[in-house]
Each structure stands twice: as structure tokens, then as C-alpha cells.
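Visitor: I have a structure here that is new to me. Can you walk me through it?

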Amino acid sequence: MLLKEASSHLTKSELAHLGAGEVGYIRKMKSDDVSRCFPEAPEIDPTLDLWALFAADGTPILLTDNRSSTFFKAAEDDLKTVSLH
């Protein structure tokens, strides 16, 4: 089913919960974005490349400077991962 077709048959709530508990996404982040997604994080060196794992609904799960750690955490939580570019 194409996303356009799916979105016309699903409520906003159903669409928001698609993949919940099953899918997570990995995203490269800059330190400027960290405080928005991870407000409890300490100040971070702006030169660091950071990686974050999020639940399908956008809930932050993990922030790290090691990309492999995001895959290990996803596997530990039984999440299928996708990367966002």
C-alpha cells in the first residue's frame, strides 16, 4: 500500500502509531539539535558527530557519539532500524 493510500485510510492517531514498538530510526545530529531532542543532555562539544536512536513516533531513546551503539540498542529493544538522511 502506498503511503498516500495509507494516509487516506488511517486516522492521524493511527498513522502516528505506525511502527510503534517495532521500528526505530537513526539520525546523525549536530550538537545544536541535541537540546531540542534531549533536553537533559549536558552541553556538548560542537565538533562532535552524534548519533541518535528514536522510536517510530519520534521519542528519543539514545544519544551517542558511536553510530554502532545505536544499532546495538535497537537490537536490544527488538526494533527494526531505518536511517534518515
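Guide: Start with two residues: Phe-38 and Phe-54 are both buried. Keep in mind that this is a predicted model.

Visitor: How buried is Phe-54?

Guide: Phe-54 has a relative accessibility of 2%, so it counts as buried.

Visitor: And how do the rings of Phe-38 and Phe-54 sit, in terms of centres and planes?

Guide: The ring centres of Phe-38 and Phe-54 are 5.9 Å apart and the planes are at 50°, so this pair is tilted.

Visitor: Where do Phe-38 and Phe-54 lie in the chain?

Guide: Phe-38 is in the loop between α3 (31-37) and β2, while Phe-54 is in strand β2, so the pair ties together parts that are 16 residues apart in sequence.

Visitor: How many aromatic pairs does a search of the whole structure find?

Guide: The search finds 2 aromatic pairs. One of them joins Tyr-25 and Phe-54: the centres are 5.1 Å apart and the planes at 15°, so that pair is stacked.

Visitor: Which strands do Tyr-25 and Phe-54 lie in?

Guide: Tyr-25 belongs to strand β1 (residues 23-29) and Phe-54 to strand β2 (residues 50-55), so the pair ties together parts that are 29 residues apart in sequence.

Visitor: Is Tyr-25 buried or exposed?

Guide: Tyr-25 counts as buried, because its relative accessibility is 17% and the cut-off for buried is under 20%. Taken together, ring pairs link Tyr-25, Phe-38 and Phe-54 into a cluster.

Visitor: Change of topic. What lies over the face of Trp-51?

Guide: Arg-67 does, at 5.1 Å from the ring centre of Trp-51.

Visitor: What caps the N-terminal end of helix α4?

Guide: Asn-66 caps that end of α4 (residues 67-76), with a side-chain oxygen 2.9 Å from the backbone nitrogen of Ser-68.

Visitor: And what follows α4?

Guide: Asp-78 follows α4, and its phi is positive, near 55°.

Visitor: Let's zoom out. How many helices and strands are in the chain?

Guide: The chain has 4 helices and 4 strands. Read from the N terminus, the order is α-α-β-α-β-β-α-β.

Visitor: What share of the residues counts as buried?

Guide: The chain has 85 residues, and 24% of them count as buried.

Visitor: What about the accessible surface?

Guide: The accessible surface of the chain is about 6100 Å², and 55% of it belongs to carbon and sulfur atoms.

Visitor: Last one: what share of contacts comes from residues 24 or more positions apart?

Guide: Among contacts in the chain with a separation of 6 or more, residues 24 or more positions apart account for 42%.

Key: Residues are numbered from 1 along each chain as its sequence is written. This is a predicted model: local features need pLDDT of at least 70, side-chain atom pairs count only at pLDDT 80 or more; totals for chains, interfaces and linings use all residues. Side-chain values use heavy atoms; hydrogens and water are left out. Rings of Phe, Tyr and Trp (its six-membered ring) pair if their centres lie within 6.5 Å; planes under 30 degrees apart count as stacked, over 60 as edge-to-face and the rest as tilted. Helices (H or I, at least four residues) and strands (E, at least two) are DSSP runs, numbered from the N terminus. Buried means under 20% relative accessible area, exposed over 50%, partly exposed in between (1.4 Å probe, protein chains only). A charge sits over a ring if NZ of Lys or CZ of Arg is within 6 Å of the ring centre and within 35 degrees of the ring normal. A polar contact is a pair of N or O atoms within 3.5 Å; within protein, one must be able to donate a hydrogen and the other to accept it, and residues adjacent in sequence count only if both atoms are side-chain atoms. Contact means heavy atoms within 4.5 Å. Accessible areas come from the Shrake-Rupley method with a 1.4 Å probe; for residues, only the protein chains shown count as cover.
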